[in-house]
Amino acid sequence: MVERGPDVSFANCGLPYHIGGEIEERAKLALQTPETLKAQLAINVRARTEAVAIDRAAKTVRIRNVDTNTEEDLAYDKLILSPGASPLKPPLEGIDLPGIYTLRNLQDMDRIKEAAASAKSVLVIGAGFIGLEMAEQLIHLQKDVTLVELVEQVLPQMDAEMVRSVEQELMDNGVKLRLGDGISGFKSADGGGLTAQLNSGQSVTADMVILSIGVRPENQLAKDAGLELGARGHIRANPHMQTSDPDIYAVGDASETIDPILGGPTAIALGGLANRQGRTAADHIILGDQAKPYPGSIGTSIVRVFDVAAGVTGHSEKRLQQMEVDYEKTIVTDFNHASYFPGATHLTVKLLWEKSTGRILGGQANGIEGVDKRLDVLATAIKGQLTVDELEHLELAYAPPFGAAKDPLNTAGFSANNIRSGRIKPIYSLTEAEGTQLIDTRPAEMAKLKPISGAKNIPFPELRSRIDELDTSKPVTTICALGKMSYFGARILSQHGFEVQAHVGGWKIEKRPQAPDSNQDNTMNDSSQPESSVPAPAESEVIQLDCTGMACPGPILRVKEAAALLTVGQVLEVRASDAGFKNDLPAFCKANGYECLRVEKDKGIVTGRLARGIACPVASSPATASNGATIVVFSGELDKAMAAYVIANGAVAMGGKATLFFTFWGLNVLRKDPAPQIANKSFMDKMFGWMLPRGANKLPLSKMHMGGLGTWMMKDRMAGKNLPNLPGLMEDARKAGIRLVACTMSMEAMGIREEELIDGVELGGVAEYLGAASETNANLFI
Ligand SMILES: Cc1cc2nc3c(=O)[nH]c(=O)nc-3n(C[C@H](O)[C@H](O)[C@H](O)COP(=O)(O)OP(=O)(O)OC[C@H]3O[C@@H](n4cnc5c(N)ncnc54)[C@H](O)[C@@H]3O)c2cc1C
């Protein structure tokens with residue numbers, strides 16, 4: 001066995017965890033050494049020895065000692081290539097500057113660990129599995145972490161709606177997430193560190209950079225030997241892992257095998273596959289055609305990001321679309337174990353199946369606990385060619401601490417069956433609800449707290465009695481929090497003769513992650529935060545309320561009842577396992593005049609305290625309104641938008657709050673450039689979209705625009721004088737937690753969809769503006 005580096009059989013997968021200190025002992029990562037392999041398996045290991053050429057005719061491999069540079073030939077009867085894949089390093093300006101690292105082996109790990117010891121800030125590029133693990137571990141080391149990802153989501157292997165909980169978790173833990181932006185080059189920064197230039201024109205400066213944007217197969221040896229390569233450069237192997245030369249095998253990250261789901265070639269870089277492919281090649285060398293072939297790779301993978309786990313098995317929806325497969329899908333959210341057993345947390349499963357046969361093609365899951373178990377069952381189901389109908393009756397281990405009488409996978413099977421049998425017409429995005437009566441079947445309190453734009457709230461229990469409020473001539477769409485009540489609602493309405501469709505997955509999958517609201521009082525346990533006006537209660541005055549195992553909006557409804565009974569000085573402590581409760585509790589307190597004393601999240605359980613205090617935010621009248629500004633941004637002109645941002649940033653710098661309410665032409669400031677692909681847009685909406693300026697860089701000047709020349713001159717002058725530009729002001733506003741609210745009525749009028757707006761924008765109506773305006777003493781219209 002020849003190995004270019006000093007180590008054999010080290011745990012690549014553990015490298016991030018030693019950097020973060022979770023795996024304390026470095027030695028634990030070296031699973032075998034040349035000495036143990038020799039002693040146990042009689043393998044002669046030549047470490048620090050590189051294979052440089054294969055002579056297939058002579059059946060020899062030329063090897064070179066990397067220390068002495070001496071070369072020799074080794075003879076073989078059979079040869080196994082397992083050279084792996086090396087981290088991608090694109091040829092960008094400054095890519096070789098010191099301070100830019102990649103992570104593949106123990107030496108990379110040592111270098112990163114040493115550099116991180118003195119770094120305050122780290123830029124991680126690429127939000128795949130390794131990038132996310134690194135971001136998590138660097139936060140544990142208390143670094144200031146920015147994570148930049150080229151596509152508009154983390155974990156591009158999964159579908160966007162299935163990774164939003166991961167994005168929220170990253171932001172909640174302090175990772176600065178920049179999605180949909182790539183790196184165009186690096187420069188040394190004045191005063192040390194590096195500045196990475198982003199495609200958007202913005203830049204990030206950090207003490208060090210970790211590049212985790214993917215890997216490429218180490219194929220040079222195979223290529224030079226004339227072995228057949230796949231389309232992406234992997235060494236092509238048959239089911240016995242033999243290459244185009246039957247005496248040479250290829251396994252692991254460098255090899256290409258088959259996709260057992262859709263057929264055709266596939267190459268997936270994962271540790272489990274590499275190990276089992278190694279065994280397959282060895283079996284074939286010893287047993288010949290008696291050996292069992294490799295069954296192909298379906299890419300089952302998982303990652304932990306703080307308290308959240310997410311993973312995938314088989315094909316994602318994106319992939320099925322690329323491959324033009326006729327598929328169907330469902331998304332269900334349920335509890336990981338019996339909801340009445342303490343500690344139950346939400347688990348979301350997405351299922352994809354072949355439309356004609358029901359065969360499972362892919363599955364994804366996210367949650368706090370039990371994600372691995374569901375993915376493993378789905379992976380087994382895919383390998384066993386099960387259909388979604390068979391998921392309904394999978395008999396899975398159940399006792400209250402472990403599962404539920406209906407496991408989330410059974411429920412996913414039920415839901416799939418409801419769709420397959422035509423019992424409901426599913427929709428997966430509110431954009432598909434256009435032209436229908438949108439009915440929100442959530443409880444009224446929840447609809448008030450988190451309104452769904454354009455929806456009429458008829459809580460599910462009231463639906464039968466209020467059915468005559470609906471227009472019988474118009475189709476209906478039902479939506480609820482998680483997709484269950486909207487299903488029930490859709491069934492009732494369809495039995496009453498309505499043409500009806502149900503939103504599968506519910507509001508949970510529509511909701512975009514939001515950066516923690518810096519104005520929101522959810523870190524009051526932190527000693528650096530201002531002290532609460534409510535004196536610390538004696539333990540006897542703390543009333544406990546356990547809402548774990550309740551789905552949204554259950555916890556908020558229980559809080560509403562319990563809080564109404566509080567007397568002055570009493571504190572209500574609530575525990576909930578619904579992840580959204582972390583934001584819901586402060587919002588509830590704010591809307592209802594309670595003081596939110598604390599909100600913490602640990603292992604998926606949110607604990608919050610509230611009191612009927614003397615400093616209730618709702619009690620503030622205009623006379624006591626805080627510093628700050630609420631600004632209606634009506635104009636879509638560059639100079640006016642800049643003025644609005646300058647005032648808002650200033651208001652926050654002076655200790656106040658700021659809300660920018662964008663309406664009509666002002667919405668152009670918030671538009672993404674380039675535009676995302678939006679299906680089903682009417683011709684007029686598209687026309688409007690083409691005619692209006694798209695985003696901060698395209699806005700005209702209000703005076704002297706001169707066909708763009710004046711605007712260009714103004715931007716140039718401002719840059720020359722080091723004055724701020726609009727993208728920079730917008731970034732400052734984002735960091736300062738300034739609320740950006742887009743007027744839903746104007747969006748409707750101008751045919752602008754939520755997906756077309758930059759991240760972090762909330763949707764709201766006039767009530768949102770008036771609510772914000774009542775809390776600030778400067779209210780402006782620009
Ligand atoms: C940070 C990190 C975290 C990961 N986490 C996970 C995880 O959680 N789960 C998972 O499934 N997978 C994970 N992986 C992927 C997993 O480690 C790989 O899929 C697996 O190691 C592939 O094994 P391999 O033998 O093909 O390649 P490698 O493990 O890369 O081994 C190839 C070896 O060949 C040597 N070599 C290359 N060319 C030559 C040559 N010409 N002569 C001599 N030696 C040569 C290299 O030095 C290297 O040591 C992770 C990888 C990394 C880097």
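1. A polar contact is a pair of N or O atoms within 3.5 Å; within protein, one atom must be able to donate a hydrogen and the other to accept it, and residues adjacent in sequence count only if both atoms are side-chain atoms. With that in hand, look at arginine 104: an N or O atom of its side chain is 2.9 Å from an oxygen atom of the ligand. Glutamate 3 brings a side-chain N or O atom to 2.7 Å from a ligand oxygen, and for aspartate 253 the value is 2.7 Å too.

2. A quick word on ground rules: this is a predicted model, where local features need pLDDT of at least 70 and side-chain atom pairs count only at pLDDT 80 or more, while totals for chains, interfaces and linings use all residues. Residues are numbered from 1 along each chain as its sequence is written, and side-chain values use heavy atoms, with hydrogens and water left out.

3. How many residues surround the ligand? There are 23, and the closest are Glu3, Ala51, Ser82, Asp253 and Gly271 (a residue is near a molecule or strand if one of its heavy atoms lies within 4 Å of it). Sorted by class, this shell has 10 nonpolar, 7 polar and 6 charged residues. Here Ala, Val, Leu, Ile, Met, Phe, Trp, Tyr, Cys and Pro count as nonpolar, Asp, Glu, Lys and Arg as charged, and the others, Gly among them, as polar.

4. Now the aromatic rings: the whole structure has 7 aromatic pairs (rings of Phe, Tyr and Trp, the last by its six-membered ring, pair if their centres lie within 6.5 Å; planes under 30 degrees apart are stacked, over 60 edge-to-face, and the rest tilted). Phenylalanine 634 and phenylalanine 664 make a tilted pair, 6.1 Å centre to centre with 55° between the planes. This pair links distant parts of the chain, 30 residues apart: phenylalanine 634 is in the loop between β33 (626–633) and α17 (638–653), and phenylalanine 664 in the loop between β34 (657–662) and α18 (683–691). Helices (H or I, at least four residues) and strands (E, at least two) are DSSP runs, numbered from the N terminus.

5. Buried means under 20% relative accessible area, exposed means over 50%, and partly exposed is in between (1.4 Å probe, protein chains only).

6. Ring pairs join Phe460, Tyr487 and Phe488 into a cluster. Lysine 329 lies over the face of tyrosine 428, at 4.2 Å from the ring centre (a charge sits over a ring if NZ of Lys or CZ of Arg is within 6 Å of the ring centre and within 35 degrees of the ring normal).

7. Check the backbone as well. A cis peptide bond, with omega of about 5°, joins aspartate 673 and proline 674, and proline 674 sits in the loop between β34 and α18. Serine 9 is not a glycine, yet its phi is positive, at about 45°; this serine 9 is in the segment before α1 (15–19) and is partly exposed at 39% relative accessibility. Arginine 48, in the loop between α2 (34–41) and β1, has a positive phi near 50° and is partly exposed at 34%.
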